[in-house]
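Q: I would like to learn how to read a few features of a protein model. Could you walk me through them with the one shown here?

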Amino acid sequence: MSHSSYALLGFAGFSGSGKTTLLRQLVSLLSQQGLTIGIIKHTHHDVEQDTPGKDSFELRHAGAVQSVLAGPKRTIVTFEHLRSQEADLYESISRLDLAHLDLVLVEGFRHAAINKLEVHRPIYQKPLLCEQDNFILAVATDDPHLCAPVPLLDLNDAAAIATQIVLWWQTGRLCVPVLPASHLPDNHIGADSCHIAKDADDNNADGGSLPA
């Protein structure tokens, strides 16, 4: 079965748990270790990355349903939905240039069937998602004594979490099955599944709990 050439890791947790703060740190740390990172962030709010009055804004709002603002340092691609609809993870993934990414990090899409890292702070008195979600590989928490069915990672040690993510990536723990055909652009068909380091040690893939 053909796959796509990237790896995927979701970040699940209730509002206020610190997912975005951790992600900002991890994107920097993982990039420093040589990984090319893509980001997908799910929001329930209307979003606008352009400035009213600018040519690009006015041209988009004249009725174009797809637009590209191409600049020397970045390119912004915008897709307009003809009607309001719930975001689809695999459609969002297909918008990325996957051939040039090592790892896609996803914030939101909590119920998606993808491998995830849970971010959990007991102070908010929310249930542990990993007790119901078998796709959660570990919990990043600020409570070293948390009772969880998966390994614990120190939420306040982003460097250690980045190291664990690299290990998962190297050992193939973050491989992704092929996208549904309806979401697969032509240039992604037939690519490999994900990067797996030749000398990876699968026995070390699970990491460990925080010290007591």
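This is a predicted model: local features need pLDDT of at least 70, side-chain atom pairs count only at pLDDT 80 or more; totals for chains, interfaces and linings use all residues.

Q: Is Thr 171 buried or exposed?

A: The general idea is to compare relative accessibility with a cut-off: buried means under 20%. Thr 171 has 9% relative accessibility, so this residue counts as buried.

Q: Which backbone atom lies 2.7 Å from a polar atom of the side chain of Thr 171?

A: That is the backbone oxygen of Leu 167.

Q: Which residues line the largest cavity?

A: Its lining is made up of Gly 13, Phe 14, Ser 15, Ser 17, Glu 118, Val 119, His 120, Arg 121, Tyr 124 and Lys 126. Sorted by class, the lining of the largest cavity has three nonpolar, four polar and three charged residues.

Q: And what volume does the second largest pocket have?

A: The second largest pocket has a volume of about 170 Å³. Among the residues that line this pocket are Phe 11, Ala 12, Lys 41, His 42, Glu 107 and Arg 110. Gly 13 and Ser 15 belong to the lining of this pocket and also to that of the largest cavity.

Q: How do the residues of the pocket's lining divide by class?

A: For the second largest pocket, there are two nonpolar, five polar and four charged residues.

Key: Residues are numbered from 1 along each chain as its sequence is written. Side-chain values use heavy atoms; hydrogens and water are left out. On a 1 Å grid over the protein atoms alone, a cavity is a set of points where a 1.4 Å probe fits but cannot get out, and a pocket is an open set with protein on both sides within 12 Å along at least five of seven lines; lining residues have an atom within 4 Å of a point. Grid points are joined across faces, edges and corners, and a volume is the space filled by probe spheres set on the points. Ala, Val, Leu, Ile, Met, Phe, Trp, Tyr, Cys and Pro count as nonpolar, Asp, Glu, Lys and Arg as charged, and the others, Gly among them, as polar. Buried means under 20% relative accessible area, exposed over 50%, partly exposed in between (1.4 Å probe, protein chains only). A polar contact is a pair of N or O atoms within 3.5 Å; within protein, one must be able to donate a hydrogen and the other to accept it, and residues adjacent in sequence count only if both atoms are side-chain atoms.
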